[in-house]
Amino acid sequence: MLKIIIVDDEMLIREGLAKIIGKESPCFQVVGQFPDGEDMLRHLPGLEVDVVITDIRMPVIDGLELIKSLRATHPHIRSILMSGFTEFEYAREAIRASAVDYLLKPINKEQLFELLYRLNDERESAREKEAVHRQRLIHTCLHSEAVADFVWEELTLPRPYFVAFVQKAGFGEPEQAQECCRGSEGLDPEWLFDRFALRCRLTAYIFYFAEVPGAEDVNRIGRFLTGDAFHGGADGRVHAGSSHVYNDVKMLKASYLEAKLACDTGIYAHATRYYVPCGAARGRQTPPQVQEITAAEWEFFTEQLHLLHAASLQEWIQRRFEHLRSASASPEAILETCCQIEETAAAEIRELKDVFESPAHAGWKEQLLACLSFAEMKQLFLSFFMGALAEVQEARKEMGSKAVETVKRWIAENYSGHVELNTLANLVFLTPSYLSKLFKHETGLTVTEYIAEVRMKNAKRLLRTEPGMKVHQIGAEVGYPDPAYFNKLFKKMVGVTPNEYKKRL
């Protein structure tokens with residue numbers, strides 16, 4: 001919209017010109033009428049102006065002086081000089097020097113509107129370029145920890161005051177949110193803002209104001225951002241938060257963080273349409289602190305993990321989420337805790353790491369941050385983690401018998417040497433604790449008992465087939481170099497000593 005001021009000492013000309021311009025197109029808006037240049041310059045600071053249409057002959061400050069003043073203080077404002085034919089030679093030099101557009105009196109409407117439409121197109125094009133450049137600089141401010149000085153020097157906001165808003169809604173794609181915002185009922189044409197799609201469902205807005213906005217002005221925008229114009233997620237939820245009012249561009253990042261902190265509290269709200277200004281949500285001014293998981297808690301978690309005890313693990317995770325709820329943790333803090341759980345599990349159970357990294361489980365972090373309620377976040381992570389655990393359990397169940405057979409074959413070939421449980425577990429890609437549990441389930445014996453059975457079976461074979469071998473030699477051959485221990489264990493398992501067994505043959 002082209003915002004126009006008319007300056008002429010003849011009231012009828014001012015009002016007539018304003019009337020025909022107002023009727024021509026909604027693209028044109030006359031924002032002020034003044035009888036001379038001095039009056040106009042006095043009111044200019046409170047106005048947004050694109051074009052000044054001024055007569056050449058006026059009292060106090062005439063049209064030429066007014067144009068020179070505007071060129072010096074407001075170079076972005078275009079000037080149109082109205083003059084009679086007899087005054088044109090007088091104004092030609094000034095017009096040429098300052099590149100001012102002009103119209104001869106009496107004003108020809110076709111010429112006037114041709115000029116205004118051209119200026120409107122030029123202004124819209126310039127505004128689009130300015131907006132793109134400004135948005136790039138603001139994007140840098142929002143995403144950088146430290147901003148270079150040249151960014152601040154180049155960054156000019158369209159109005160002196162601004163408020164940041166952060167909105168979380170159930171849009172599928174950022175473009176949908178943009179179109180929804182543009183075409184929404186309730187969008188005030190006077191609102192001026194920049195929009196930034198940050199990630200799935202999360203959008204930042206910087207609204208600009210010519211004067212310090214009141215609380216109701218800010219709240220009206222908040223209600224708009226959570227209104228019917230924006231469809232929510234599966235349950236219709238839309239959250240929004242706003243910052244304080246600022247007029248220092250260097251506070252852009254701080255204002256965004258304030259608005260996001262307010263918006264984040266929406267995951268704990270019962271209302272589906274939730275808006276809160278900065279500091280109003282439970283008095284929160286800074287991100288809440290979340291209690292770290294203790295060493296004892298991690299130890300219990302890893303113990304249950306090695307046993308693949310699903311019920312205990314689910315209960316443990318639910319307790320962690322209750323701690324997060326009681327602390328009113330931010331979505332990022334919740335994600336951090338979930339990542340710690342995932343990383344610990346992946347480090348302890350190799351199969352879990354493979355499942356976590358599979359395409360079927362990709363993207364869960366982005367999905368978690370996109371959730372619009374705490375319950376949704378908890379359910380999503382539990383589904384992700386327990387689903388991965390179930391896959392590992394099923395895979396181990398399928399390979400359990402094969403793994404035990406592989407271990408039994410290895411023991412049969414290597415029974416006489418030193419056998420470690422870790423070696424056997426690595427052989428079949430299982431944890432030692434799980435292999436022990438699985439082996440006992442399949443054979444009825446522990447690994448140690450099974451090795452002893454194999455050794456005694458081979459000792460009896462040697463006693464039968466090698467009469468020339470001494471008892472202590474047979475003991476060493478099957479893995480028991482200590483004769484006393486071999487004799488004791490043989491009698492315990494067979495019922496007689498090796499010599500007594502040999503005599504019975």
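Buried means under 20% relative accessible area, exposed means over 50%, and partly exposed is what falls in between (1.4 Å probe, protein chains only). Everything below comes from a predicted model, where local features need pLDDT of at least 70, side-chain atom pairs count only at pLDDT 80 or more, and totals for chains, interfaces and linings use all residues. Residues are numbered from 1 along each chain as its sequence is written, and side-chain values use heavy atoms, with hydrogens and water left out.

**View 1. The five-stranded sheet.** Here we look at an open sheet whose strands run in the order S2-S1-S3-S4-S5, paired in parallel. Helices (H or I, at least four residues) and strands (E, at least two) are DSSP runs, numbered from the N terminus. Two strands pair if DSSP finds at least two bridges between them. S2 and strand S5 (101-104) sit at the edges, each pairing on one side only. From one strand to the next, the twist averages 20°. Angles run from 0 to 180 degrees between N-to-C directions, using axes that are lines fitted to C-alpha atoms, for helices over the stretch in contact.

View 2. Four bridges hold the parallel pairing of S4 and S5. Methionine 82, for one, has leucine 103 of S5 as its bridge partner. Helix H3 (residues 63-73) lies across S1, S3 and S4, at about 155° to S3. H5 packs on the sheet too, touching S1, S2, S3, S4 and S5, and its direction makes about 165° with that of S5. Contact here means heavy atoms within 4.5 Å.

View 3. Helix H1 covers residues 11-24, and at 1.5 Å a residue its 14 residues should span 20 Å; the end C-alpha atoms are 20 Å apart, so the two agree. The expected span is 1.5 Å times one less than the number of residues. Arg14, Leu17, Ala18 and Ile21 are buried in H1. They cover an arc of only 100° around the axis, which means they lie on the same side of H1. That arc is taken from the directions that lead from the helix axis to the C-beta atoms. On the face turned away from the buried side you'll find the exposed residues Leu12, Lys19 and Lys23. What covers the buried residues includes strand S1 (2-7), strand S2 (28-34), strand S3 (51-55), strand S4 (78-83) and helix H5 (109-143).

View 4. Glutamate 122 is partly exposed, at a relative accessible area of 34%, and arginine 78 is partly exposed at 25%.

**View 5. Two further salt bridges.** Glutamate 216 and arginine 223 form a salt bridge, with their closest N and O atoms 2.4 Å apart. Glutamate 322 pairs with arginine 325 at 3.9 Å between the closest N and O atoms. Both of these residues, glutamate 322 and arginine 325, lie in helix H11 (residues 310-326), three residues apart, about one turn of the helix.

How values were computed:
A salt bridge is a side-chain nitrogen of Lys or Arg within 4 Å of a carboxyl oxygen of Asp or Glu.
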